[in-house]
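Dear colleague,

Please find the structure below, handed over for your use.

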Amino acid sequence: MVTIKATHIVRPAEPTPEKIMYLNACDQIKDITHTPTIYFYNHSSKLESQNIISTLQDSLSKALVLFYPLAGRLSWAEEGGSRVELHCNGKGVPIFEAESDSTVEDFGNFTPTPSIQALIPSVDYTTPIDEIPMVIVQLTRFRCGGVGIGLGISHVMADGPSALHFVDEWAKFARGVGPFVAPFLDRSVLDAEKDSDYKFDPSVLRPPPTLIGQEDNMEQRKKPITVSFLNLGKVQIEKLRNKANLDFDKEKGRGYSRFEAVAAHIWRCTSKARGHVSEQQTSLHFVADFRNKLKPALPRNYFGNALIRVEATDKSGNLLSNSIGTASRKIREAVENVTEDKVRGYLDYLKGLPDVGRFRSLDNNGRPKGDFYGNPNLAIISWTALPLYGADFGWGNEIHLGPGPMGFDGKTFIIPGRDGDGSFNVAIWLQEEHMEAFKNCFYGDI
């Protein structure tokens, strides 16, 4: 049981620019929702010795001076087409102060179930968007003396690297330790002129495949789902990688990465668990960070969205009859297809669309819509290259950082182990009828 005790609105500690901030095409296609994450901290003497809600408020107010767009609000743009604009107006960020009768240990391995959801602020997305904060925070005190910090950051405002930059600077302010790294806030830098005649092929943005024999995905959307949080040790990952690289031509450069091998393994196991017919088309969707694909590269502290959707496709029969190396190669080819020309063409294409709402998974009133990446498909979010850990607000590092329960059938996170031991944690949502078979394949087919 989680009880909200108080709500605090935190505004920037100093006057900040009041203006309408430009949002580029990459921002415009993002959902008007928040990315939920949860940080757990064990009880410690440092937690007991300070007023932690005051620490979070004071440090957040200082962080919002640097990251002042996060204190603003969105509104629908006059140009229409489901586009939004950001009003930097300093309205602030809510921190909900809560108590729970649970202990940190009660959450076990921190599988992102509804019990985790209670630790992250919820948002009613039917609320007018100019009333929805860009960041929402919940501090929950547990019966054991530990705490949780549930965080939601607007998809429109920040991708993974940018969100982590914000949290890192906020934690530095809490500890009173610099140097502080200001974000690069000019999102128009992505609108540079193209130097080539490359034409983006919009067919790559087509809706994912549906099951053979079904006209649409409505039946699949209705099926109950469940979540598992599975660990792969370093030895298991290297075994998968070695199997993938048996097929790799070493003259073509570096072998398949840990991510490519594990993602290929997950893709093959989902197809097997779902019992697809051999001719079933299946797509694996993920995103690629293009910060370093551009010339010149985006500033290292660029704050916003710099991700492009990537798709690997095959027939389930091919995935399962061929080796893990074949699936890894499909993933590698999709990543290598992300070039500067493709990124520039993609951004130009999005900018020219009459309506960008097609790419959002919620409509303008918060109702589900859009593409479905569940059966027979998969959507993987990799946190393997992100500087995830070390959010020390003055009472030590987190013992766990993970996603909130934001899943749908096929949604998957690959998360590096916190201890730097080379392990991965995999959070995956699947239809209930497929989960047990998936877990058997996940461990049995290594």
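Which strands does helix α3 lie across? Helix α3 (residues 52–66) lies across β1, β6, β7 and β8 (147–154), and runs at about 160° to β6. Here helices (H or I, at least four residues) and strands (E, at least two) are DSSP runs, numbered from the N terminus. Axes are lines fitted to C-alpha atoms, for helices over the stretch in contact, and angles run from 0 to 180 degrees between N-to-C directions.

Please note that this is a predicted model, in which local features need pLDDT of at least 70 and side-chain atom pairs count only at pLDDT 80 or more, while totals for chains, interfaces and linings use all residues. Residues are numbered from 1 along each chain as its sequence is written, and side-chain values use heavy atoms, with hydrogens and water left out.

The sheet and its helices

Six strands form an open sheet of mixed pairing, in the order β1-β6-β7-β8-β3-β13; two strands pair if DSSP finds at least two bridges between them. At the edges are β1 (2–10) and β13 (400–403), each of which pairs on one side only. Direction ignored, neighbouring strands of this sheet are turned by 20° against each other on average. Within the sheet, β6 (residues 93–100) and β7 (residues 135–141) pair in the parallel sense over five bridges, and Ile-95 has Val-137 of β7 as its bridge partner. Helix α5 also packs on the sheet, where it touches β3 (34–41), β7 and β8 (contact: heavy atoms within 4.5 Å). The direction of α5 makes about 135° with that of β8.

The nonpolar cores

A nonpolar core is a set of buried Ala, Val, Leu, Ile, Met, Phe, Trp, Tyr and Cys residues joined through side-chain atoms within 4.5 Å. Buried means under 20% relative accessible area, exposed over 50%, and partly exposed in between (1.4 Å probe, protein chains only). The largest such core has 60 residues, and Phe-166 and Phe-393 have the most contacts inside it. Helix α5 (residues 160–175) gives the most to this core, with eight residues. Apart from it lies another core of 57 residues, including Ile-237, Ile-324, Val-338 and Cys-441.

The disulfide and the other cysteines

One disulfide (a pair of cysteine sulfur atoms within 2.5 Å) is found in the whole structure. It is formed by Cys-269 and Cys-441, whose sulfur atoms are 2.5 Å apart. The pair links distant parts of the chain, 172 residues apart: Cys-269 belongs to helix α8 (residues 258–274) and Cys-441 to helix α12 (residues 432–444). Both cysteines of the pair, Cys-269 and Cys-441, are buried, and their link is left-handed, with -75° about the S-S bond.

Cys-88 counts as buried because its relative accessibility is 3%, whereas Cys-144 is partly exposed, with a relative accessible area of 35%.

Helix α12 and a further set of strands

In α12, the residues His-434, Met-435, Phe-438, Cys-441 and Phe-442 are buried. The buried residues of this helix pack against β9 (225–232), α8 and β15 (424–431).

Strand β10 (residues 281–289) pairs with β11 (residues 307–315) in the antiparallel sense over nine bridges, and with β12 (residues 378–382) in the parallel sense over two bridges. His-285 has Glu-311 of β11 as its bridge partner and stands opposite Ala-379 in β12.

Yours sincerely
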